[in-house]
Amino acid sequence: MKLETIDYQAPDSAVKFVQSLRDTGFGVLANHPIDKALVEKIYTEWQTFFNSEEKHDFLFKPETQDGFFPAEVSETAKGHTVKDIKEYYHVYPWGRIPESLKENILAYYQLANELAEELLQWIEEHSPADVAVNYSIALPKMIEGSHKTLLRILHYPGMTGDEEVGAIRAAAHEDINLITLLPAANEPGLQVKGQDGEWIDVPCDFGSLIINIGDMLQEASGGYFPSTTHRVINPVGTDMSKPRVSLPLFLHPNPEVVLSSRYTADSYLMERLRELGVI
């Protein structure tokens with residue numbers, strides 16, 4: 001299996017994109033509306049921030065989950081015992097953001113949210129009738145004005161060779177939310193698990209946008225759209241010392257949105273956060 005890159009501006013882009021999500025849980029878009037120069041600026045600005053001591057002034061608050069998460073509190077993926085090799089910053093428009101970094105990151109948050117609404121509309125329009133009937137409200141409506149949508153700026157430091165045995169940048173996991181939008185990172189490493197169990201490299205041409213299904217959309221669609229396992233592997237050879245920054249936007253419904261007869265968005269999220277040990 002190979003992940004094809006889809007031209008966002010092509011007349012059949014919506015059909016191809018939704019089919020790719022159905023087949024693989026992932027879709028890759030080129031020629032999309034998010035400005036490549038803006039993404040590049042954000043990578044540079046935040047790399048500088050992660051290299052500085054200033055990051056410790058913004059240590060996350062457990063009750064709000066905004067701010068800087070150092071490597072020692074990084075996530076351990078569900079089913080794993082070794083922490084990922086990463087640190088990150090949680091951006092919410094209502095949360096704490098360093099003043100000098102606010103403008104670009106909030107502009108990106110807004111642009112990516114607008115595009116996500118359109119992509120959820122594509123998914124809704126191209127869901128079979130017996131799947132679409134399960135959506136309690138229109139998919140774009142689920143995220144409208146949501147305070148739960150999270151922009152995470154991830155920093156994978158350059159490798160030193162002293163990392164804990166078995167640790168990788170991001171162990172195999174699925175996302176919790178509806179869909180995730182991710183501009184191709186400044187270094188490769190993202191892989192998705194195919195239905196045959198093989199790992200496939202996700203195209204990382206700078207300027208493309210990677211979208212994947214999360215568990216909440218899998219739940220809302222009765223399993224029609226698969227929340228696919230993915231990971232970020234460690235670099236090898238001369239690339240080992242290169243840091244990697246990435247910008248996943250996790251689209252979360254408003255808490256009261258009904259996902260299925262079993263869950264609201266809030267009850268689903270709380271269950272998963274408890275499993276991850278972050279609450």
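Guide: Two rings of Phe, Tyr or Trp (for Trp, its six-membered ring) form a pair if their centres lie within 6.5 Å; planes under 30 degrees apart make the pair stacked, planes over 60 degrees apart make it edge-to-face, and the rest are tilted. The model is predicted, so local features need pLDDT of at least 70 and side-chain atom pairs count only at pLDDT 80 or more, while totals for chains, interfaces and linings use all residues. Residues are numbered from 1 along each chain as its sequence is written, and side-chain values use heavy atoms, with hydrogens and water left out.

Phe 50 belongs to helix 2 (residues 36–50) and Phe 68 to strand 3 (residues 67–69), so the pair ties together parts 18 residues apart in sequence. Helices (H or I, at least four residues) and strands (E, at least two) are DSSP runs, numbered from the N terminus. Both Phe 50 and Phe 68 are buried, where buried means under 20% relative accessible area, exposed means over 50%, and partly exposed is in between (1.4 Å probe, protein chains only). Ring pairs also draw Phe 50 and Phe 68 into a cluster with Trp 46, Phe 49, Phe 58 and Tyr 89.

Rings also meet charges. A charge sits over a ring if NZ of Lys or CZ of Arg is within 6 Å of the ring centre and within 35 degrees of the ring normal. Arg 22 lies over the face of Tyr 224, at 4.0 Å from the ring centre. For Arg 231, the charged end sits over the ring of Trp 199, 4.0 Å from its centre.

Charges may also meet each other. In a salt bridge, a side-chain nitrogen of Lys or Arg is within 4 Å of a carboxyl oxygen of Asp or Glu, and the structure holds eight such bridges. One of them pairs Arg 96 with Asp 66, with the closest N and O atoms 3.4 Å apart. This bridge links distant parts of the chain, since Arg 96 is in the loop between strand 4 (87–91) and helix 3, and Asp 66, 30 residues apart from it, is in the loop between helix 2 and strand 3. Arg 96 counts as partly exposed because its relative accessibility is 23%, whereas Asp 66 is buried, with a relative accessible area of 4%.

Another bridge joins Glu 144 and Lys 141 (3.4 Å, N to O). Lys 141 is found in helix 5 (residues 139–143). Its relative accessibility is 46%, so Lys 141 counts as partly exposed; Glu 144 is partly exposed too, with a relative accessible area of 42%. Lys 141 is also 9.0 Å from Asn 254, C-alpha to C-alpha, although the two are 113 residues apart in sequence.

A further bridge connects Arg 272 and Glu 275, whose closest N and O atoms are 3.3 Å apart. Both residues lie in helix 7 (residues 265–276), three residues apart, about one turn of the helix. Arg 272 counts as buried because its relative accessibility is 6%, while Glu 275, at 41%, counts as partly exposed. Salt bridges with shared partners join Arg 272 and Glu 275 to Asp 215 in one network.
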